[in-house]
Amino acid sequence: MNVRIGQGYDVHAFGEGDHVMLGGIRVPHDRGVLAHSDGDVVLHALCDAMLGALALGDIGAHFPPSDPRWKGAESRTFLRRCDGLLRERGWRVGNADVTVVCEQPKVGPHAPAMRALIAVELGVGVDDISVKATTSERLGFTGRAEGIAALAVCLLVRDGS
């Protein structure tokens with residue numbers, strides 16, 4: 001088989017702070033997130049999708065919150081390492097689609113920068129990366145502005161395909 005599909009999901013509760021990290025971009029917000037690393041739900045969901053496509057477990061297995069090395073870590077580090085795991089096995093991301101679920105902050109104005117950063121990190125074209133957002137119509141924890149979530153799906157292709 002020359003393609004594999006993976007999906008990922010991540011969520012973090014809001015806490016004190018003045019920004020959230022989304023797709024490697026510092027997005028101003030009146031709250032931060034509670035997390036062991038920088039709490040970037042976009043990159044965490046994408047990493048889970050990448051790892052899942054090759055049945056390599058989840059982000060917690062590779063970067064456990066119990067390991068002090070990952071305290072405050074930039075999630076771009078996780079993305080690079082996951083990409084390395086794929087490439088070591090002869091795979092690369094063909095395309096990825098990420099949806100952020102939140103009432104605030106507004107994601108749309110920052111989505112082009114997120115797409116560009118992710119594309120550079122994965123060595124793909126910006127047209128191969130989608131980042132978009134939706135609300136939950138004020139329902140559930142995201143609707144009550146208690147936290148933020150992201151869902152991701154990615155297609156892996158054999159390197160050289």
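**Helices side by side**

Guide: Start with helices α1 and α3, whose axes come within 9 Å and cross at roughly 15°. (Axes are lines fitted to C-alpha atoms, for helices over the stretch in contact; angles run from 0 to 180 degrees between N-to-C directions.) That angle makes α1 roughly parallel to α3, a term for angles under 35 degrees. The crossing of α1 past α3 is left-handed. (The near helix is then turned anticlockwise from the far one by less than a right angle; clockwise is right-handed.)

This is a predicted model: local features need pLDDT of at least 70, side-chain atom pairs count only at pLDDT 80 or more, and totals for chains, interfaces and linings use all residues. Residues are numbered from 1 along each chain as its sequence is written, and side-chain values use heavy atoms, without hydrogens or water.

Now the residues. From α1 come Leu43, His44, Leu46, Cys47, Met50 and Leu51. They meet Ser75, Arg76, Phe78, Leu79, Cys82, Asp83, Leu85 and Leu86 of α3. (Contact means heavy atoms within 4.5 Å.) This contact of α1 with α3 has ten nonpolar, two polar and two charged residues. (Asp, Glu, Lys and Arg count as charged; Ala, Val, Leu, Ile, Met, Phe, Trp, Tyr, Cys and Pro as nonpolar; the others, Gly among them, as polar.)

Stay with α3, which spans residues 75-88. Helix α4 covers residues 111-122. The axes of α3 and α4 also come within 9 Å, but cross at roughly 40°. The two helices are therefore oblique to each other. The crossing of α3 and α4 is right-handed. The contact of α3 with α4 holds three nonpolar residues, five charged and no polar ones.

Next, follow the chain back from α4. The loop between β5 (91-101) and α4 holds Pro105. A cis peptide bond joins Gln104 and Pro105, with omega about 0°. (Helices, H or I of at least four residues, and strands, E of at least two, are DSSP runs numbered from the N terminus.)

One more loop is worth a stop. It runs between β6 (129-134) and α5 (140-143), and Glu137 lies in it. Phi of Glu137 is near 55°. That is a positive value in a residue other than glycine.

Notes:
Angles under 35 degrees count as roughly parallel, over 145 as roughly antiparallel, 65 to 115 as roughly perpendicular and the rest as oblique.
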